[in-house]
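These are my notebook entries on a structure I had not looked at before. I record below what I looked up, entry by entry.

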Amino acid sequence: MVKDMQVVVTGASGFVARNVRKYLSDNNIKLISISRKNFKKFKNETKIITKNYDEKTILPKLKNSDALIHLVGIGKQTIDNDYNLTNTEFTKKIINLCKKSKIKKIIYTSGLGVSKNTTLGYFISKYKAERQIIDSKLDYTIFRPSYIVGKDDLFTKYLKKQIKTGQIQIPGSGNYSIQPIYIDDVSQIIFNAIYKNKFSKIILDLVGSESITFEKYVKEFSIGTNTKIKKINLETVYHEAISNPNSNFGVDDLNLLIGDFKGDYKKLKIISGIKFSSIRKLLKSGSLL
Ligand SMILES: NC(=O)c1ccc[n+]([C@@H]2O[C@H](COP(=O)([O-])OP(=O)(O)OC[C@H]3O[C@@H](n4cnc5c(N)ncnc54)[C@H](OP(=O)(O)O)[C@@H]3O)[C@@H](O)[C@H]2O)c1
C-alpha cells in the first residue's frame, strides 16, 4: 500500500524537508516536492519550482496525491517574510490547495510551546495555522517539535563553526533546557503519520526522550575538541538579536530557549512505536561533528 503512495512536500529545500524527502524516497514513496528555488531531486521525485505557489501551475501536478507535508515556516521575521504571512496565511493557501486537489491528509510542523495562552508572536502565528488545519475538515497530524538535530541543521552548523574558533558563545546562564529529537527519528515518524490511523486528527509534541540544559548540550557536543564555553550576558544577546538581522540567535530563538518548554515524549513513543535515537549517545559518538 505504501509503495503506491504519492506525497507532496512544501518548503522542499529546507532542513527538515531535505531529510524527510530522502527518507520517503528511500522507502519508495512517490514525491511531488515544491520549493521557491532549484534543488537536487531524489529517486521517484517530481520537482515544482515556484516563487509564489501559484495555483494554476501547481494544481494539475498534485492530482492523485495521498498526503501533503507542509514544511514551510519561519522563526525569524523580516519586512518581506513575516509570521502572519508565512506561517498563518501561507498555511491557509496550502489547505486550499489540498482541498482543490483532493488531498485528504495534511501533516504540519508547528512548534513546541504553542498553546492558546501564548503571548509570543511566533507561537500565535503557528497556533492560528494549527486552528486553520483543524477547522479545515482535512485529516491531519500536527507535530510540535522541539529542536530537531541533524548534521545539517542551522544550530549544528553554528556550533561546528564556533568550534573552529576555539570558543562557543551561549546566551545567559545556559540553564534552560531543550528536548532535542534526531532528524532520522522525525523522518520515520512523519513517514508513519502519512498512512497510520493512530496519527489521524492528533497534535503531538515532537521531542526526544531526554531534556537537557543548553549548556550541557553544548558541552557534550564539543567534547574532546578543546573548545571553551563563554556565557554572554542575556541583555547583550537580546540587544544584538533585536538590532542585527544576521545575529547568531534571533529574538524568537532566545524566547524559545528561555521558555524552557518540555514535551510529552511518552505519548509520542506510544503512538509512533519507533525506537528513538539517544541524542546523548549521538553526541558522545561524535557523529554530528
Ligand atoms: N528545525 C527545527 O528544529 C524546528 C523546530 C520547530 C519547528 N520547526 C518547523 O518545521 C518547519 C521546517 O523547519 P526547518 O528547520 O526545515 O526550516 P527551514 O530549513 O528554514 O525550511 C523552511 C522552508 O520554508 C520555506 N519558506 C520560508 N519562507 C517562505 C515563504 N515566504 N514562502 C514560501 N516558502 C517559504 C523555504 O523553502 P524553499 O526555500 O524550499 O522554498 C524554507 O526552506 C518550519 O515550519 C519550522 O518552523 C522546525
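This is a predicted model: local features need pLDDT of at least 70, side-chain atom pairs count only at pLDDT 80 or more; totals for chains, interfaces and linings use all residues.

**Entry 1: Ile271**

I began with Ile271, which I located in helix α10, residues 265–272. Setting aside residues up to four places away in sequence, I found that Ile271 touches Lys198, Phe199, Ile202 and Leu204. I then checked the separation of Ile271 from Ala193: the two are 78 residues apart in sequence, and their C-alpha atoms are 9.8 Å apart in space. The relative accessible area of Ile271 is 14%, so I list this residue as buried.

**Entry 2: the nonpolar cores**

I next looked up the largest nonpolar core, which has 62 residues. Those that touch the most other members are Leu24, Ile69, Phe143, Phe155, Ile189, Phe214 and Tyr217. Helix α6, residues 183–195, gives this core its largest share, 7 residues. I also noted a second, separate core of 22 residues, with Ile48, Ile58, Leu97 and Tyr140 among them.

Leaving out its neighbours within four places in sequence, I found Phe143 in contact with residues including Ile107, Tyr108, Ile189, Ile190, Ala193, Phe199, Leu204 and Leu206.

**Entry 3: the ligand**

Which residues come nearest to the ligand? Of the 24 residues around the ligand, I recorded Ser13, Phe15, Val16, Ser35 and Asn81 as the nearest. By class, I sorted the shell into 11 nonpolar, 10 polar and 3 charged residues. Helices α1 (15–26), α3 (83–100) and α4 (121–135) each supply at least two residues of this shell.

For Ser35, I found a polar side-chain atom 2.6 Å from a ligand oxygen. The ligand taken alone exposes 870 Å², and the protein buries 81% of that.

**Entry 4: Asn87**

I placed Asn87 in helix α3. Is Asn87 buried or exposed? With a relative accessible area of 0%, Asn87 is buried. Its side chain reaches the backbone nitrogen of Ile74 at 3.0 Å. Not counting residues up to four places away in sequence, Asn87 touches Gly73, Ile74, Asp82, Tyr108, Tyr122, Ser125, Lys126 and Ala129.

**Entry 5: Gln179**

I found Gln179 in the loop between β9 and β10 (181–182). Why do I count Gln179 as buried? Its relative accessibility is 4%, and the cut-off for buried is under 20%. I recorded that the side chain of Gln179 reaches the backbone nitrogen of Gly263 at 2.7 Å. Beyond four places in sequence, the contacts of Gln179 include Ser146, Val207, Gly208, Glu210, Phe261, Lys262 and Tyr265.

**Entry 6: helix α9**

Last, I examined helix α9, residues 251–259, and noted Asp252, Leu254, Asn255 and Leu257 as buried. I looked up what covers these buried residues: the cover includes α3, α4, β8 (167–171), β9 (177–178), α7 (214–221) and α8 (234–243). After α9 comes Asp260, for which I noted a positive phi, near 55 degrees.

Methods. Residues are numbered from 1 along each chain as its sequence is written. Side-chain values use heavy atoms; hydrogens and water are left out. A nonpolar core is a set of buried Ala, Val, Leu, Ile, Met, Phe, Trp, Tyr and Cys residues joined through side-chain atoms within 4.5 Å. Buried means under 20% relative accessible area, exposed over 50%, partly exposed in between (1.4 Å probe, protein chains only). Helices (H or I, at least four residues) and strands (E, at least two) are DSSP runs, numbered from the N terminus. Contact means heavy atoms within 4.5 Å. A residue is near a molecule or strand if one of its heavy atoms lies within 4 Å of it. A polar contact is a pair of N or O atoms within 3.5 Å; within protein, one must be able to donate a hydrogen and the other to accept it, and residues adjacent in sequence count only if both atoms are side-chain atoms. Accessible areas come from the Shrake-Rupley method with a 1.4 Å probe; for residues, only the protein chains shown count as cover. Ala, Val, Leu, Ile, Met, Phe, Trp, Tyr, Cys and Pro count as nonpolar, Asp, Glu, Lys and Arg as charged, and the others, Gly among them, as polar.
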